[in-house]
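Trainee: I'd like to learn how to read a structure. Can we go through it together?

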Protein chains: 2
Amino acid sequence: MTIDQIQTPALVLDLDALDRNLRRMADFVEQHGITLRTHGKMHKSADVARRQIEIGGAHGICCQKVSEAEAFVRAGIRDVLVSNQVRDAVKLDRLARLPALGARVGVCVDDLAGVAELAAAVARHGTELDVLVELDCGARRCGASVSEVAAIARAVEAAPGLRFRGLQAYQGAMQHVQTWPAREAAFAEVAEAVRAAKAALAAAGLPCPTVTGGGTGSYPLETASGLYTELQCGSYAFMDADYGRIDGPDGQRLDAGAWDNALFVLTQVMSTAGPGRAVCDAGLKAMSGESGLPLVQGRSGLTCEDLSDEHCRIADPDGVLSIGDKLWLVPGHCDPTVNLHDWYVGLRGGRVETLWPVTARGKLW
Amino acid sequence: MTIDQIQTPALVLDLDALDRNLRRMADFVEQHGITLRTHGKMHKSADVARRQIEIGGAHGICCQKVSEAEAFVRAGIRDVLVSNQVRDAVKLDRLARLPALGARVGVCVDDLAGVAELAAAVARHGTELDVLVELDCGARRCGASVSEVAAIARAVEAAPGLRFRGLQAYQGAMQHVQTWPAREAAFAEVAEAVRAAKAALAAAGLPCPTVTGGGTGSYPLETASGLYTELQCGSYAFMDADYGRIDGPDGQRLDAGAWDNALFVLTQVMSTAGPGRAVCDAGLKAMSGESGLPLVQGRSGLTCEDLSDEHCRIADPDGVLSIGDKLWLVPGHCDPTVNLHDWYVGLRGGRVETLWPVTARGKLW
């Protein structure tokens with residue numbers, strides 16, 4: 001199948017660019033002696049996860065929902081961390097059943113009651129779970145405070161069937177801070193919290209083999225700190241417009257060489273009736289809009305100026321576009337965009353090589 | 001099944017509130033002698049469409065994509081307008097095949113080349129299509145200008161298999177203008193364009209049996225103008241936070257009595273580790289975020305202050321929330337929220353009555 005035959009709008013993955021990104025991250029973690037657990041919530045794809053393990057230096061993945069973990073484990077991924085709390089009774093049972101399918105499964109807790117619920121669930125199902133205590137290191141979302149970490153960890157350690165593995169310390173709110181120096185400054189709070197939490201665990205005589213976290217915007221900081229043993233990057237594999245425009249450590253935009261855009265929404269012009277504009281057939285149901293407008297790849301005279309439910313409007317001041325012309329849009333935010341689609345159209349060498357299902361699309365539970 | 005047993009996050013439809021909204025709109029169109037073709041792009045549900053036809057005063061529906069129309073026709077809806085241009089060769093064939101399934105099918109055009117493509121498609125398949133000329137009446141998206149309408153209509157009229165039905169004149173950009181007087185002022189441009197286009201058709205000796213358009217924010221204006229024969233409202237049936245906060249003709253918010261919130265994302269508290277906040281299990285993959293944050297229904301002390309990929313953070317200054325507590329969120333924007341889900345959980349009288357599939361979820365083509 002040729003690219004011309006793809007029905008629009010379509011979620012297209014440039015597998016050559018994907019592989020370049022995966023190899024770059026594999027080189028990074030190898031050079032820096034840190035492990036990599038890529039974030040499956042971003043791509044929701046068992047095929048991408050397998051590729052990250054095969055050539056991308058990853059030893060496992062993380063995801064955010066029990067139903068995602070089920071999808072990944074059933075698709076053959078053998079090491080899955082739910083980097084989130086699981087508190088609902090039905091979800092606890094589903095989580096505790098997962099190791100019996102042959103996977104190493106981990107989960108986070110951020111209070112003592114959560115430990116008790118996990119312990120009861122593994123006891124019901126005769127299984128074991130890895131458990132990380134989530135530390136609030138600045139995102140002000142989930143996560144215990146430094147002063148609470150040791151008591152929660154001790155409760156995990158004491159619970160049969162729960163293996164205390166260390167700390168979950170991801171600071172999501174700093175990932176998109178624009179400049180590198182500002183992100184570096186934001187990381188100071190993270191490092192202070194992680195250092196203090198590790199000290200509290202050590203003082204309590206508790207081992208902390210794993211400190212995991214870091215995202216595409218910050219992972220060189222977690223790595224350089226010496227505090228982390230594992231990175232959880234996700235978006236580096238696909239890139240998007242929102243990550244693309246922030247600066248890396250070299251002061252350059254992240255999409256200016258550090259990472260290649262591998263994910264596109266392919267769209268087609270379906271109206272040129274109005275002067276100076278073309279209307280394409282992809283809108284908010286083909287890409288999420290909360291992180292800004294998509295970029296038009298490789299067409300410097302064209303910009304997306306509006307995204308509505310079913311359309312995107314392209315400013316075309318020179319009137320170069322015609323009905324049926326295809327445009328490659330870099331979506332604002334890859335995670336919720338991927339979740340809108342059932343399939344990736346995978347390209348290699350300029351041809352359609354494969355269709356990959358979005359294995360965990362809509363897995364919200 | 002009881003409400004307590006619903007797994008979160010879930011898309012929940014209060015069928016009592018839905019029925020009240022449908023009956024209100026049915027009363028309106030009956031009183032005002034205007035017809036109603038409800039917008040199926042909003043709900044993507046054959047069950048909601050059927051209910052709109054049964055009790056809601058609708059004689060048919062519209063939708064935006066050929067694949068949506070296919071889903072509705074296959075589910076038994078017998079009068080479907082694709083209120084959009086169809087220009088791709090594969091989609092033209094799919095559209096032209098649809099009437100053979102026993103439905104009356106319409107579509108829009110906004111240039112002469114589009115007429116020729118539709119004519120060729122119906123000739124290939126031996127079918128007929130209703131055709132509306134789309135008029136750009138101020139949204140600056142698709143649509144011909146007033147000066148082009150008559151020539152396009154004449155071409156439709158001359159094409160075997162195409163039935164010229166009139167004008168598509170929907171002004172999407174004015175729907176969310178905050179105050180009623182400002183929306184009234186915006187409608188002046190719409191009315192002027194529609195009046196001029198009708199005059200141009202009359203001068204060319206072309207009948208214009210249908211003028212269709214209007215949305216939840218503007219439909220009293222289209223109705224009062226006397227220029228329109230048909231309304232295309234969608235969101236009135238479910239309401240959302242973005243429509244809820246605009247003023248109606250009475251100067252009151254639309255969600256303050258005019259329309260009931262029927263659509264909710266049911267979510268559950270899964271972390272209370274941080275002070276003054278609770279974190280729930282619904283984020284950008286359970287509701288779209290580009291139109292603002294969701295409202296917390298019926299809990300005046302609680303506000304959603306952040307929506308991230310997997311979580312929403314609720315400000316809970318008095319610490320009233322506990323793990324497992326359920327909250328009913330009114331999503332910012334119903335259309336792209338519905339498209340994230342496979343099922344509606346339908347409640348009636350406070351119990352789960354039904355599961356309705358989101359028939360056209362992900363139908364982007």
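Mentor: Start with two helices that touch: Leu92(B), Asp93(B), Leu95(B), Ala96(B) and Arg97(B) of helix 5 of chain B meet Glu117(B), Leu118(B), Ala121(B), Val122(B), Arg124(B) and His125(B) of helix 6 of chain B. Contact means heavy atoms within 4.5 Å, and helices are DSSP runs (H or I, at least four residues) numbered from the N terminus. This is a predicted model, where local features need pLDDT of at least 70, side-chain atom pairs count only at pLDDT 80 or more, and totals for chains, interfaces and linings use all residues. Residues are numbered from 1 along each chain as its sequence is written, chains are lettered from A and ligands numbered from 1 in the order written, and side-chain values use heavy atoms, leaving out hydrogens and water.

Trainee: At what angle do the axes of helix 5 and helix 6 of chain B cross?

Mentor: Two packed helices are described by the angle and the distance between their axes. Here the axes come within 9 Å and cross at roughly 55 degrees. That makes helix 5 of chain B oblique to helix 6 of chain B (under 35 degrees is roughly parallel, over 145 roughly antiparallel, 65 to 115 roughly perpendicular, the rest oblique).

Trainee: Is Cys233(B) buried or exposed?

Mentor: Cys233(B) counts as buried because its relative accessibility is 0%; buried means under 20% relative accessible area, exposed over 50%, partly exposed in between (1.4 Å probe, protein chains only). Cys233(B) is in the loop between strand 9 (230-231) and helix 10 (241-244) of chain B; strands are E runs of at least two residues. Beyond four places in sequence, its contacts include Met25(B), Arg37(B) and Tyr219(B).

Note on methods. Axes are lines fitted to C-alpha atoms, for helices over the stretch in contact, and angles run from 0 to 180 degrees between N-to-C directions.
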